[in-house]
Structures are given as structure tokens and as C-alpha cells.
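Let's take a walk through this one together. Have the sequence and the model open side by side, and we'll go from the overall fold down to single residues.

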Amino acid sequence: MNRIREIDASNNSLVVEAGCILANVREVADQHKRQFPLLLGSVGSCEIGGLVSTNAGGTGVLRYGNMRELVLGLEVVLPDSAVWDGLRALRKDNSGYDLKQLFIGAEGTLGIVTAAVLKLFPKLAVSASAMVALPGVQQAVDLLRFLQEQVGQRIEAFEILSRRQIEIVVKHGHGLSSPMPLDAPFYVLIELADSSPTWDAGAELENVLAEALDRELLSDAVVATDLAKAERMWALRHNISECNKHAGFTVSNDTSVPVSRLPAFILGVTERIERVVAGACVCHAGHIGDGNIHVIAVLSRVMYSTPEQCEAAAAQVNLIVHEASVELGGSISAEHGVGRMHVQRLERFKPPVDLQMMRMVKAVFDPQGVMNPGKILR
Ligand SMILES: Cc1cc2nc3c(=O)[nH]c(=O)nc-3n(C[C@H](O)[C@H](O)[C@H](O)COP(=O)(O)OP(=O)(O)OC[C@H]3O[C@@H](n4cnc5c(N)ncnc54)[C@H](O)[C@@H]3O)c2cc1C
């Protein structure tokens with residue numbers, strides 16, 4: 001199921017089968033002078049069915065939304081073998097419940113997605129990237145707000161990385177290097193982009209960062225002068241998962257809180273993990289523009305050498321991060337879903353009425369419990 005069934009450039013939509021790889025979908029859109037904006041580290045391997053079912057996010061959520069906002073219609077095989085043809089390419093349809101949304105992010109527990117209608121956007125003509133050093137997370141939040149005021153919707157990505165995280169990538173990234181000294185606690189990678197070829201993205205980015213420097217919103221910045229340099233900057237972000245595996249036993253979390261509460265969240269969890277979990281090196285990376293931060297504890301394989309030790313440390317880290325996110329009005333899973341791993345955690349943190357409604361939906365679609373049993377709900 002990896003065919004592109006139809007492209008409608010005037011409607012800015014594309015009908016694809018569930019087995020299409022994201023990179024191929026983006027390539028087809030590009031050939032039609034359009035853009036499918038979802039972008040994440042697994043771009044070369046993840047499939048549309050999986051992206052729909054995990055409501056994937058990635059670096060473009062700030063501007064375009066996550067998969068939930070990028071899907072216009074779905075085709076789904078239901079547990080009783082009926083095929084639901086919801087492949088409508090409409091941006092407005094208030095004729096009852098929006099059924100497709102039930103399947104997006106359902107992790108395959110309600111039916112099997114076989115095809116999707118995706119939203120396309122004008123192809124980007126110009127872009128510019130920068131790496132910025134910051135004294136703290138509050139400055140990252142302030143800088144984002146300032147950029148939004150100055151350049152509006154043209155912020156394509158705004159990602160934070162802690163110094164420790166970049167140091168790990170530089171150490172284990174097979175030749176990856178930082179374009180600036182690593183002497184600040186936090187860095188953001190910024191991309192501005194636009195579909196208008198006459199807009200000078202590089203000059204705009206330089207001007208706005210100079211103004212931000214005057215206002216003490218940042219301590220240093222490097223603007224990439226060509227595409228190759230921009231790609232090398234972004235490689236620091238996209239190689240985190242791979243490099244962390246070489247650095248030790250990693251416990252990675254995927255939580256979100258309102259953007260304004262990120263400084264308190266990051267400070268709080270870092271301090272608690274370092275106090276409770278001996279020897280933990282706490283790193284941060286993530287989509288700060290949409291409140292989604294990955295708190296990553298890297299543990300030495302010498303200190304944590306048995307599966308039991310690793311499991312106990314992981315449980316401690318996860319509990320600290322989940323408790324802190326919920327206390328601050330956040331979610332225990334921002335974009336990676338629940339799977340089987342977090343089923344009990346969900347029961348602990350989700351209000352009973354939410355859980356009850358989810359069980360009722362599951363019972364209506366899948367009364368025999370044949371679709372991905374044990375995922376999301378017991
Ligand atoms: C290096 C790396 C970086 C990543 N970065 C991000 C990121 O920034 N943001 C983010 O959101 N995610 C990220 N991810 C995870 C990414 O979300 C997944 O790769 C993707 O969302 C799922 O696609 P998949 O093809 O891998 O699905 P799979 O892993 O195969 O499946 C995911 C789930 O969906 C179900 N499923 C799969 N296909 C269907 C179908 N056709 N119908 C019904 N259910 C189905 C599966 O049963 C499973 O529960 C990253 C992953 C990697 C490896």
C-alpha cells in the first residue's frame with residue numbers, strides 16, 4: 001500500500017496509501033511545487049499509517065500543526081472488516097462528528113488506516129537558519145515571542161538543545177561539530193522560511209537577531225551562510241537519538257507543558273533527577289515552540305550495568321518528569337503516544353472521566369478487542 005493515488009495541486013491536497021514513506025510523500029509534493037511540511041528524524045523510514053496513528057509532530061508543528069491538523073480525510077478498515085471511506089479533501093465539513101480524528105493518534109486501536117488525504121502548502125522558496133546561545137530557558141521563550149512579533153508565521157522551526165546534549169552529539173556524531181563555542185547552558189536552532197522568492201530570509205534573520213542581542217534576549221548567534229552549513233547545524237538536532245545510544249543508557253521522555261511554563265518545568269525536573277538518580281546526566285532537546293521538551297537522562301553503563309538497575313532508574317526518571325508535567329498542566333505524552341509502556345501511567349494521570357470516555361469509544365469500534373490489544377488501554 002505505497003501508491004500515491006492522486007494529487008490535486010489546486011486544492012492543495014494529496015491522496016496517499018498508508019505504506020508510503022514520508023520522504024517519498026514530501027518528494028512528490030515538491031515535484032508539484034508544493035510542500036508536505038511534516039518533518040522528523042525518521043523521515044526516511046516512517047510511513048503515513050504510522051504517522052497518522054501516532055499523530056506525529058516533529059519540527060514543523062509550530063507553523064503547520066501536527067498530523068491531526070495535516071489530515072483532511074482517511075480510509076480505514078474497521079475491526080468488523082467494513083471499509084470506511086472518509087477520503088474527503090475538504091477544509092470545511094460540519095456535517096456531524098469529525099470521525100477521522102478518532103483514528104488519528106489512536107495507535108491502531110480502533111481500525112487500520114489504509115489511505116489518507118493530506119494537506120499541502122506552497123513550496124518554500126527561501127530559508128535561513130541560525131544557532132543561538134542563550135543564558136537560560138526563559139530567554140528562549142522570550143526570544144520566540146519576539147521573533148513571532150517580528151516575522152509572524154515565517155518561523156519554520158524553533159528547537160532547543162542543552163549544551164550537554166550538543167556535547168554528546170559532537171562526541172558521538174562521527175564528525176558533527178558545533179558552529180559556535182559551547183559555553184552557554186542552552187541553544188536554539190531557528191529556521192525562517194517563506195514561499196516568496198523576493199523575501200530576504202538571511203537578512204531578516206540577521207536583523208532580528210541583532211535586535212534581540214541588543215535587548216539581551218540572547219548571548220551569541222551564528223547565521224548559516226549557505227544551505228550546507230544550515231544542514232550541518234540541523235544535523236546536531238536530527239542525530240540526537242543515535243548519538244545518545246552511544247553515550248550510555250538513556251531514559252527519554254516526551255512531555256509537554258504550556259510554553260510559558262517551560263522554564264519552571266525544565267529547572268524543576270533537572271534538579272530533581274540529579275538529586276534522586278545518582279550520576280544522571282540530564283539533557284534537553286525539543287520543540288520548544290510548541291511546549292514539547294524531551295528530558296533525557298543519560299546514565300553511565302558502568303554504574304547501571306544490570307537490567308534491574310536500568311529499569312529502576314528509568315522508573316524514577318519517568319515518574320519525576322511525568323509528575324512535574326502534570327503539575328504544570330501538561331501531558332505525559334506530547335507526540336510519541338502511549339503504546340504499552342505507558343498504559344499504567346496513563347491510568348494514574350488521566351482523569352477518570354477521560355479514561356471512561358476512551359473505553360466507551362474503544363468498545364463501540366472494537367468490542368472484541370482485536371485491534372492492537374493492550375495499547376493505550378488495558
Ligand atoms: C530518529 C527518530 C526521530 C523521531 N522524531 C520524532 C519527532 O520529532 N516527532 C514525532 O512525533 N515522532 C518522532 N519519531 C517517531 C515517529 O513518530 C514515528 O517514526 C512515526 O510517527 C510512526 O511511523 P512508523 O511508520 O514508524 O510507525 P510504526 O512504528 O510502525 O507504528 C506506530 C504505531 O502506529 C500503528 N500503526 C502503524 N501503521 C498503522 C496503520 N496503517 N493503521 C493503524 N495503525 C497503524 C502501529 O501499530 C503502532 O502502534 C521519531 C522516530 C525516530 C526513529
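Predicted model: local features only at pLDDT ≥ 70, side-chain atom pairs only at ≥ 80, totals over all residues.

The protein chain holds 14 helices and 15 strands. Its radius of gyration is 21 Å, close to the 21 Å that the globule rule gives for 378 residues, so the chain is as compact as a globular protein of that length. Buried residues account for 40% of the 378. And if you take the contacts between residues at least 6 apart in sequence, 73% of them join residues at least 24 apart.

An α-helix has 3.6 residues a turn, so residues three or four places apart point the same way.

H2 brings us to the ligand. Which residues come nearest to it? Of the 22 residues around the ligand, they are Gly41, Gly49, Gly50, Ser53 and Gly108. H2 (48-53) and strand E6 (112-119) each supply at least two residues of the shell, and H2 gives the most, with four. By type, the shell around the ligand divides into seven nonpolar residues, 11 polar and four charged.

Now jump ahead to helix H8, residues 201-214. This helix has 14 residues and spans 20 Å from its first C-alpha to its last, close to the 20 Å expected at 1.5 Å a residue. Buried here are Ala201, Leu205 and Leu209. They take up an arc of only 55 degrees around the axis, which puts them on the same side of H8. The other side of H8 has Ala203, Ala210, Glu211 and Asp214 exposed. As for packing partners, the buried residues of H8 rest against strand E8 (126-134), strand E10 (186-194) and strand E11 (220-223).

Glu216 lies in the loop between H8 and E11. Its phi is positive, about 60 degrees, although Glu216 is not a glycine. Is Glu216 buried or exposed? With 10 C-beta neighbours inside 10 Å, Glu216 counts as exposed.

You'll find Glu107 in the loop between helix H5 (100-103) and E6. Glu107 isn't a glycine either, yet has a positive phi of about 55 degrees. Its surroundings hold 18 C-beta neighbours inside 10 Å, so Glu107 counts as partly exposed.

Next up is helix H10, residues 240-247, where the buried residues are Ile240, Cys243, Asn244 and Ala247. They cover an arc of only 105 degrees around the axis, which puts them on the same side of H10. Lys245 and His246 are exposed on the face turned away from that buried side. Among the elements covering the buried residues of H10 are helix H7 (163-172), helix H9 (227-238), strand E12 (249-252), strand E14 (281-287) and strand E15 (292-299). Just after H10, Gly248 takes a positive phi of about 160 degrees.

Last stop: Val61, in helix H3 (residues 61-64). Val61 has 25 other C-beta atoms within 10 Å, so this residue is buried. Which residues does Val61 touch, once neighbours within four places in sequence are set aside? Its contacts are Asn66, His287 and Asp290. Also have a look at Leu39, which is 22 residues from Val61 in sequence and 9.0 Å away in space, C-alpha to C-alpha.

Notes: Residues numbered from 1 in each chain as written. Rg over C-alpha atoms; globule rule 2.2 N^0.38 Å. Buried ≥ 20, exposed ≤ 12 C-beta atoms within 10 Å, placed from the backbone. Contact = placed C-beta atoms within 7 Å. Expected span 1.5 Å × (residues − 1). Arc of directions from axis to C-beta. Near = placed C-beta within 6 Å. Nonpolar A, V, L, I, M, F, W, Y, C, P; charged D, E, K, R; others polar.
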